Amino acid sequence: MVAMVNIPETVTAGTVVEVKILISHPMETGFRTGPDGTLVPRNIIPEFRCLYGGEEVFRAEIFPAVAANPFLSFFLRAEQTAEVELLWTDEAGQEHSEARLLTVQ
Amino acid sequence: MIRCVTVLAIGLGTPAAAAGDRQSGYEIMGPELRAMQDDEAANPGMLWVTEGAALWVAPEGAANRSCASCHGDAAQSMAGVAARYPAWNEAGQGPIDLTGRIGLCRTRHQGAAALARDSRALVALAAFVTRQSDGLPIAPDPDPRLAATREKGKALFETRMGQLNLACADCHDDAAGGQLAAATIPQGHPTGYPQYRLQWEGMGGLHRRFENCMSGVRAEPFGAGSPEYIALEAFLMSRAAGLPVEAPAVRP
């Protein structure tokens, strides 16, 4: 399991919608030693983006101080029925995306 | 009194006289952490619950059966189960905790390889099963064969241990509400396990919490799944009877 996304499904035009996402990720800082005493390589999610109808509406830079399993929430104004895409890649090269259709009435 | 000296040496604050009213560790957390626990969308423990829900329906082992093949809808079959554990295990003729019980179903009923107690999958299954008791009052199993286990747990709870020579009760009965370094000492009720602990950056079971407290007093931990921990768990669940299960709980 990668993430839990929370976005309303149907809203009226102009509504300010809260997007919430909880990402399952260790957010390894690169400063921690493993059981064998060697440093665990850094592996965080340095950047997170949100596209709405293909257009970027939100971007966050994330730093090693952010704890494991990060939670992000932000707002967007619902203007048309379109896909909300959430995209992130970690430093181990794992790419992820989640998409939800936001229906505007 | 030697005990007072020890207590001062590790910096316990003035204990609040908290006798009588029982209080979950939730009550003494700051508003941010309580909000994190209360909001399903923000509670990181829900990641494990969701994983557990997927494992519940996944066929496993030689029997190629899922938990659901035998137990059906967990919302029905598992409601209140976690609130009643540890229970009596007929096959083993002894007490068993929920994690142990799930482990047995996996090996005996699914014919699958045993999972480590602290493995992500077993913690996720336990979190999912416990979720089905969210908000229900802790209701210890009335089986009289469990009485001896609870007695043993009570005795352990009151036994001083480790280089600091402190009993669980010294902190969780006598000093509850006081400060230990940055932490407020809770009454030590097992209302929310497995729990998401920020310090662990992950989810862990009650026995992991016991390990933390035992290493805190520099005692040799009994080990997850040990008869001692199951006894402590059985006693603590009876001591917390009636308090609501928090699934999943969040703690600092």
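From the N terminus on, the elements of chain A run β-β-β-β-β-β-β-β, giving this chain of the predicted model eight strands and zero helices, where helices (H or I, at least four residues) and strands (E, at least two) are DSSP runs numbered from the N terminus. Taken along the principal axes, the C-alpha atoms of chain A fill a box of roughly 55 × 20 × 20 Å.

Residues are numbered from 1 along each chain as its sequence is written, while chains are lettered from A and ligands numbered from 1 in the order in which they are written. In this predicted model local features need pLDDT of at least 70 and side-chain atom pairs count only at pLDDT 80 or more, whereas totals for chains, interfaces and linings use all residues, and side-chain values use heavy atoms, with hydrogens and water left out.

The model scores ipTM 0.86 and pTM 0.92. Chain B averages a pLDDT (the predictor's confidence in each residue, from 0 to 100) of 92, and 92% of the residues score at least 70. Over residues 1-19 of chain B, however, pLDDT stays under 50, and the model has 26 contacts beyond four places in sequence for this stretch, contact meaning heavy atoms within 4.5 Å. Where pLDDT is low, the predicted coordinates should not be read in detail.

Between the two chains, the contact takes 12 residues from chain A and 14 residues from chain B. The area buried between chain A and chain B, that is, the accessible area (1.4 Å probe) that two parts lose on being put together, summed over both, is about 1000 Å², of which carbon and sulfur atoms give 62%. One salt bridge is counted between chain A and chain B, a salt bridge being a side-chain nitrogen of Lys or Arg within 4 Å of a carboxyl oxygen of Asp or Glu; the side chains of A:Lys20 and B:Asp39 meet in such a pair at 3.1 Å, N to O.

Over all chains, a search of the whole structure finds 18 salt bridges. In one of them, B:Arg120 pairs with B:Glu51, the closest N and O atoms being 2.7 Å apart. This pair links distant parts of the chain, with B:Arg120 in helix α8 (residues 120-131) of chain B and B:Glu51 in helix α3 (residues 45-56) of chain B, 69 residues apart.

Helix α12 (residues 227-239) of chain B packs against helix α11 (residues 206-216) of chain B at an angle of about 105°, with their axes 10 Å apart; axes are lines fitted to C-alpha atoms, for helices over the stretch in contact, and angles run from 0 to 180 degrees between N-to-C directions. The angle makes α11(B) roughly perpendicular to α12(B), given that angles under 35 degrees count as roughly parallel, over 145 as roughly antiparallel, 65 to 115 as roughly perpendicular and the rest as oblique. The axes of helix α9 (residues 147-157) of chain B and α12(B) come within 7 Å and cross at roughly 95°, which makes α9(B) roughly perpendicular to α12(B).

Two cis peptide bonds were examined in chain B. One joins B:Tyr85 and B:Pro86, with omega about -5°, and B:Pro86 is found in the loop between α6 (81-84) and β1 (87-89) of chain B. The peptide bond from B:Tyr193 to B:Pro194 is also cis, with omega near -5°.
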